[in-house]
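The structure under discussion is shown below.

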Amino acid sequence: MQLIEDIRKLPLKERVIDYNDVKVKIMYMDNIDSIVNNMTELDFGEDERFPYYLNIWESGTVLPAYFAGLETSAPFLNGKSVLELGAGTGVAGISLAKFG
């Protein structure tokens with residue numbers, strides 16, 4: 001499959017984000033411009049969206065850091081499900097899932 005082969009060729013880097021006792025490893029693109037500059041109009045698709053999934057957005061690290069800083073779990077979340085609508089590599093959702 002060509003798509004899988006193309007993904008394997010991407011120059012990815014690893015970032016480890018440390019939230020106290022929880023470490024999260026995320027693979028990301030360090031230089032998005034090298035990909036975007038070679039994209040055609042067809043690659044962008046009809047809605048011409050930028051490939052946000054290639055980047056770790058710093059805002060995605062803030063929410064998990066907040067919860068990691070709490071001395072106890074947030075009681076208002078006990079017994080509840082949470083839907084995190086993120087962008088980029090999904091670092092917020094992945095981190096929060098690792099917290100339990």
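## Terms and basis

Relative accessible area is classed as buried under 20%, exposed over 50% and partly exposed in between, using a 1.4 Å probe and protein chains only. The model is predicted: local features need pLDDT of at least 70, side-chain atom pairs count only at pLDDT 80 or more, and totals for chains, interfaces and linings use all residues. Residues are numbered from 1 along each chain as its sequence is written, and side-chain values use heavy atoms, with hydrogens and water left out.

## Salt bridges

A salt bridge is defined as a side-chain nitrogen of Lys or Arg within 4 Å of a carboxyl oxygen of Asp or Glu. By this rule there are two salt bridges. One of them joins the side chains of R15 and E58, with an N to O distance of 2.8 Å. This pair links distant parts of the chain, 43 residues apart: R15 belongs to strand β1 (residues 12-19), whereas E58 lies in the loop between α3 (41-44) and α4 (59-69). Helices (H or I, at least four residues) and strands (E, at least two) are DSSP runs, numbered from the N terminus. R15 is partly exposed at 26% relative accessibility, and E58 is partly exposed at 45%.

K23 forms a salt bridge with D18, their closest N and O atoms being 3.1 Å apart. K23 is partly exposed at 48%, and D18 is partly exposed at 46%.

## Surroundings of T61

T61 lies in helix α4 and is buried, with 11% relative accessibility. Leaving aside residues up to four places away in sequence, T61 touches R15, I17, Y19, I56 and V91, a contact being heavy atoms within 4.5 Å. T61 and Y19 are 42 residues apart in sequence, and their C-alpha atoms are 9.4 Å apart in space.
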